[in-house]
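Keep the viewer open as you read.

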Amino acid sequence: MIPLSANQTAIVETSLESNIQVLASAGSGKTRVLTERVRFILAHTKKDRVISLTFTNKAAEEMAERLSDSEEAEKRTWITTIHSLSQNIIEQYGHTIGLPEELNIYDRDKDRMEIFLQSLREDGVNIDEYLDVSDFKENRNRQAVMQRYMDAFSSIKREFLTEDEAISKFPSQARIWKIYQDYQSALLNSGGIDYDDILYYGHQLLLNFDWIANIYRTKYKFVCVDEAQDLNKAQYEFIKVFCGNSVKSLLMVGDPHQMIYGFNSSSSDYLCSSFVSDFAPVKFELKENYRSTKAIISVANKLKPNSQEVHNAALEGGVNFNSFEDEYTEALWIINQIKYLIEMKKHDEIEGDISLEHMVVIARNRFVFSALEEILSRENIEYSLKKGERLAEPNSMFGKVLDYALRVKLTPKDWVDGKKLCKLLNIAPPKVWGSENQLLEWSSLLTKALI
């Protein structure tokens, strides 16, 4: 393993009483620095615990793997996502603000939409008639109107908007605050909250109940945040209130040039400006790229001048730029490159044999892959297409029944998944949701029907 550079070492060994800002370019070893900082804290304290916050479960697993050789890390470090931390707080203390003890989290967009539509029906809006139009273009326009309301609800939660701020931000959306409040009530009446509520309610609990916040602040004296350039207001304010005045050191690591969650209301300003104003951190920069070739770093510096430095062990690498008339022509070029590399078999800068298992094609969206998949299949080239599965529903009948039934079992008021289950089983949905014996009653009905 390459030893830490002088700059990396300085970050790791900064005073335990200091907040730290690290602006780290791609491939500069930021995850390793964060991991070694955790080791340093554990080595120089006896009981204090560390919480390390990431954006994805995969990132959390990677960091946990890097620390798996440390017994102290296993005992005194909690590596988790920001949402998982907030969800933990809600599950423990959500009843304090009237949240259901058995809480269902609606993270699928179409489930959230169904709850929204039901809230409109309960308010006397004939939304089904509004959406039931045969003209394709008009139907699409009306669906877009509904989606804009859903997007507005997310913005209200992610940006902590007040009623006046919401009305000002969404002037074209009539009765936005009233409709938003009705949606929130419909969520709670169904026994759940949506994904954006996780941080909103977690923040409320920490902000309004010091005794809850102090339980966590007493246990965790050090907080580390990875990929901090992608924080939105809800995430930043949650971290801020979590730390309060008790956390000894808050470390934020990120690269303002790599912000990818703009659609989520994120902004690098929280790392670069708000954090500086609120926590007065010691500032560091990491520019030396340990991952990329010289060719890649050269391109990066043309896009963002002086953003990266070449490590002396970097390979030469290579970069090609091409433009194509359409996706099919592009796909043909990619196939030809794959064949060329396979025929080459060896390359001075590639370890081992060149094979399909070590190739990846990436794109900005999944739609451009249609032509590529078609040609790969035609050429009998084996491939796998990786998709995001967090919001996906099961495909098989058995999988759907099991998924919906488990959700109803855990949250009997979950009429959204309950209706889906009833439809699959051809059972009339109950007039009132919430019975603990609902699944048993349906099972009995199905048994009688089969006999």
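Is asparagine 426 buried or exposed? With a relative accessibility of 73%, asparagine 426 counts as exposed; the cut-offs are under 20% relative accessible area for buried and over 50% for exposed, with partly exposed in between (1.4 Å probe, protein chains only). You'll find asparagine 426 in the loop between helix H19 (415–425) and helix H20 (438–450). Its phi is near 60°, a positive value in a residue other than glycine.

A few ground rules before going on. What you're looking at is a predicted model, where local features need pLDDT of at least 70 and side-chain atom pairs count only at pLDDT 80 or more, while totals for chains, interfaces and linings use all residues. Residues are numbered from 1 along each chain as its sequence is written, and side-chain values use heavy atoms, leaving out hydrogens and water.

Now zoom out. The protein has 20 helices and 10 strands; these are DSSP runs numbered from the N terminus, with helices being H or I of at least four residues and strands E of at least two. Along the principal axes, the C-alpha atoms fill a box of roughly 70 × 65 × 50 Å. Of the 451 residues, 43% are buried. Take the contacts (heavy atoms within 4.5 Å) between residues at least 6 apart in sequence, and 70% of them join residues at least 24 apart.

Head inside next, to the largest nonpolar core, which has 38 residues. Such a core is a set of buried Ala, Val, Leu, Ile, Met, Phe, Trp, Tyr and Cys residues joined through side-chain atoms within 4.5 Å. The elements giving two or more residues to this core include strand S2 (49–54), helix H5 (82–93), strand S6 (220–225), helix H13 (233–243) and strand S7 (249–254). H13 gives the most, with seven residues. Ile239 is one of the residues that touch the most other members, and Val225, Leu231, Leu250 and Met252 are also among them. Leaving aside residues up to four places away in sequence, isoleucine 239 touches Leu53, Ile82, Val225, Leu231, Leu250 and Met252. There is also a second, separate core of 33 residues, which includes Ile127, Leu131, Ala166 and Ala405.

Glycine 244 counts as partly exposed because its relative accessibility is 30%. Between glycine 244 and alanine 213 there are 31 residues of sequence separation, yet C-alpha to C-alpha they are 8.3 Å apart.

A pair of aromatic rings is described by the distance of the centres and the angle of the planes. The whole structure holds 17 aromatic pairs; rings of Phe, Tyr and Trp (its six-membered ring) pair if their centres lie within 6.5 Å, and planes under 30 degrees apart count as stacked, over 60 as edge-to-face and the rest as tilted. Phenylalanine 116 and tyrosine 183 make an edge-to-face pair, 6.4 Å centre to centre with 90° between the planes. This pair links distant parts of the chain, 67 residues apart: phenylalanine 116 sits in helix H6 (residues 109–122) and tyrosine 183 in helix H10 (residues 176–189). Why do both count as buried? Phenylalanine 116 does so because its relative accessibility is 1%, and tyrosine 183 because its relative accessible area is 0%. Both belong to one aromatic cluster formed by Phe116, Tyr149, Phe153, Trp177, Tyr180 and Tyr183.

Finish in the loop between helix H16 (327–344) and helix H17 (369–378), where lysine 345 is found. Lysine 345 has a positive phi near 70° and is exposed, with a relative accessible area of 55%. Isoleucine 350 lies in the loop between H16 and H17 as well, but counts as partly exposed at 41% relative accessibility. Its C-alpha atom is 58 Å from that of glycine 98, 252 residues apart along the chain.
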